[in-house]
Amino acid sequence: MITKKLKQNCRETDAWQEKIQFLCDAMEATSQPFVAGYPDGRMFTCNDAFCELTGYDREELLRSLSWSIDLTPPEWRDPEAGALTTLHRTGKTQRYEKEFVRKDGTRIPVELLVNEAVDAKGNLLFYFAFVNNIADRKRVENELQRANRALKALSKCKEAMIRAEDEPTLLNDICQIVVNEGGYRLAWIGYIEEDEARTVRPVARAGYDEGYVDKLKIALNDPVRGSGPTGISLRTGKPYVSRNVNEDAAMQPWRQEAIRRGYLSTLNLPVICENQILGTLVIYSGRQGAFEGEEFGLLADLAENLAYGVKAIRDRERRDRAEKELQQSRDELEIRVRERTEELRQAKARAELYVDLLSHDINNLNQIAMGYLEIAQETLDLKEEDRDFIEKPYESLRRSSVLIGNVRKLQKITDGDMKDEIIELGQLLSEIANEYETPGMGVKINREYTGPCYVKANQLIHDVFSNLLSNAIKHAGLDNGRISISLEAAIQDDRPSYKVSVEDNGPGIPDDMKEKVFNRLQRGETRAKGMGLGLYLVKSLVDSYHGRVWVEDRVPGDYSKGSRFIVMLPAI
Amino acid sequence: MNEREATRCPVCTAIVEDEHDLISLYRQIFTGMGMQVCFAADNGIDALAQFNECAIKPRVVLMDNRLPGMSGIEVTKEVLRIEPATRVIFLSADVSAQEEAMNAGAFHFLLKPAGIGEITGVVRKALVIAPVTRLLPESHVQGEIGGL
């Protein structure tokens with residue numbers, strides 16, 4: 001505004017040059033760099049602040065340098081010319097940024113506020129400009145821009161971690177993001193091998209490589225190639241920044257190749273997973289002095305995230321592998337179970353067939369033998385002492401058939417083929433007692449509980465009591481045998497039960513045999529005479545009815561006075 | 001046996017059994033009971049053929065179950081279809097066949113080995129309960145049994 005008024009005043013007076021001079025003098029006194037120059041590039045005035053900014057003295061500037069050529073780098077010339085054209089066309093002050101080339105060759109970013117001076121006819125006389133040194137602002141802006149790019153890279157990496165299917169994909173994605181989003185020249189990731197040299201094997205890379213990564217040949221145990229930035233970082237577990245590849249001694253083995261590819265700074269970030277250093281993320285920048293401030297912090301976060309992502313993938317893969325192995329072992333187990341079940345089914349079928357064939361054929365043969373023996377007994381006129389020749393084999397054959405019958409019944413119990421039904425014990429015992437009614441020997445049934453005694457059992461329950469009763473009859477003897485059966489209500493394991501006792505006055509069972517009589521004889525064991533499988537069948541059946549069977553002395557403490565077999569069955 | 005011979009036979013029986021020693025044994029038992037054995041067959045098909053040939057059908061058949069060709073149960077069904085008055089007494093070591101045999105119409109199921117007394121007892125029972133056949137008056141039958 002002041003300038004415009006001045007211009008108007010200048011037009012109105014012929015002394016405008018003096019006024020401008022006054023203005024220049026005023027500007028001289030300010031710390032704001034100021035310069036004025038003709039359109040052809042010559043400068044005719046500037047202040048000390050401008051000299052200080054450009055590094056030239058006033059004389060150099062005003063006499064021999066052009067503001068548009070010497071002070072302006074080539075890439076800024078056209079934009080500046082455009083701004084000045086606009087200025088002349090519109091008459092409006094132009095504000096734009098550019099760089100000045102200082103005397104020492106360095107560049108300095110500046111912001112110019114440019115105006116023009118015209119004569120009364122509107123002809124351009126010269127430009128004059130106030131200059132702001134914006135180096136600090138530019139540096140902050142660049143840092144912010146780099147931090148933003150690093151932040152964007154970090155954000156993209158997190159996305160990549162979420163969608164990563166496998167570790168190699170994640171590692172390559174991360175490198176790609178660092179280069180594309182972060183604007184770095186090269187990024188690679190290396191893992192430490194468990195070999196003797198502890199080689200750092202590159203596993204992913206992106207950017208301008210040109211064979212650089214393959215030439216690194218870093219190995220932690222190598223005194224030269226293990227002592228570079230990567231080696232230092234991996235050994236210490238801390239980031240290592242080489243902000244000037246040209247000067248960092250640690251970069252010596254790789255410097256030439258790095259510079260050739262435009263890597264001016266490097267950042268080596270250890271990838272640490274659960275306190276174990278897996279490897280390194282190495283980033284190369286084409287800018288010297290890179291990886292500062294927030295940018296560094298964000299890239300360090302990125303490496304941490306990478307470690308987390310790798311861990312997550314490995315955990316998932318481990319879990320998947322474990323699940324797969326579990327599923328596989330389940331499948332194998334299922335197959336084995338199926339095969340084993342089939343084998344067992346076949347073995348069972350074979351066993352059933354053998355038992356069936358054996359029992360059928362033996363009983364057939366026994367039928368022949370016993371039939372003829374009976375006829376022989378009836379038809380041959382045998383002396384009393386010779387009758388054993390017929391009776392003994394007959395009895396043996398009969399017992400063999402009973403044995404076969406018991407084997408078949410045991411097989412049925414094992415197979416669970418029998419159907420349970422409700423059985424009234426009182427009626428059952430009466431029927432069995434009638435079956436075994438022997439002349440001269442009374443089978444007495446004592447019923448202390450007269451109500452119906454229902455139990456759940458299958459038809460083989462008949463064998464429990466017929467075995468006990470036939471044993472009692474056999475051992476008590478026909479002459480003085482006294483057999484009694486008692487039935488009473490009782491409690492067994494806190495459950496209402498029925499207790500059946502079959503008592504005889506036979507020779508009894510010694511204490512050391514009381515449990516053994518119910519056992520199935522194993523191969524090689526001494527056989528208790530006459531036991532067969534009868535009592536084993538009894539115990540197996542009672543067990544299958546969830547009951548108990550045991551034997552005690554009829555007269556407590558004197559086994560020789562006979563036995564009492566007790567069967568306890570749960571009531572229903 | 002032809003019809004004329006059969007009419008002379010007061011109580012006619014048959015044996016179906018693949019063990020020849022048992023056939024002989026059963027023959028002796030029937031003979032001891034005073035009964036004629038009109039045929040003995042050692043397989044199911046022959047048994048049916050002979051049963052069909054008999055003009056006078058046997059009143060009692062001692063039947064095994066596991067037979068070559070046809071099972072005793074199958075033979076029984078066919079026999080009873082032809083002559084429902086025939087009493088089929090199973091004498092078998094095949095305990096699992098008992099229910100099916102009875103369902104097929106068997107008169108009784110004896111498990112091998114059975115004593116001779118058991119066998120004769122069941123045969124007598126069968127004859128006592130058996131309806132009078134066309135050719136043999138009840139009194140005649142009773143008389144024969146009583147003579148055993």
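Q: What area is buried between chain B and chain A?
A: About 1600 Å². Carbon and sulfur atoms give 58% of that area. Keep in mind that this is a predicted model.

Q: How many residues does each chain put into the contact?
A: Chain B brings 20 residues, and chain A brings 17 residues.

Q: How many salt bridges are there between chain B and chain A?
A: The count is one. B:R66 pairs with A:D356. Their closest N and O atoms are 2.5 Å apart.

Q: And how many residue pairs are in polar contact there?
A: Six, with both residues at pLDDT 80 or more.

Q: Which elements of chain B give two or more residues to the side that touches chain A?
A: α2 (20–32) and α6 (116–129) of chain B. The largest share comes from α2(B), with six residues.

Q: How do the residues on that side of chain B divide into nonpolar, polar and charged?
A: Ten are nonpolar, four polar and six charged.

Q: New topic. How many helices and strands are in chain B?
A: Seven helices and five strands. From the N terminus on, they run α-β-α-β-α-β-α-β-α-β-α-α.

Q: What percentage of chain B is buried?
A: Buried residues make up 51% of its 148 residues.

Methods. Residues numbered from 1 in each chain as written. Chains lettered and ligands numbered in written order. Predicted model: local features only at pLDDT ≥ 70, side-chain atom pairs only at ≥ 80, totals over all residues. Heavy atoms only, no water. Helix = DSSP H or I, 4+ residues; strand = E, 2+ residues; numbered from the N terminus. Buried < 20%, exposed > 50% of the residue type's maximum accessible area, 1.4 Å probe, protein only. Contact = heavy atoms within 4.5 Å. Buried area = accessible area lost by both parts, 1.4 Å probe. Salt bridge = Lys/Arg side-chain N within 4 Å of Asp/Glu carboxyl O. Polar contact = N/O pair within 3.5 Å; in protein donor to acceptor, adjacent residues only side chain to side chain. Nonpolar A, V, L, I, M, F, W, Y, C, P; charged D, E, K, R; others polar.
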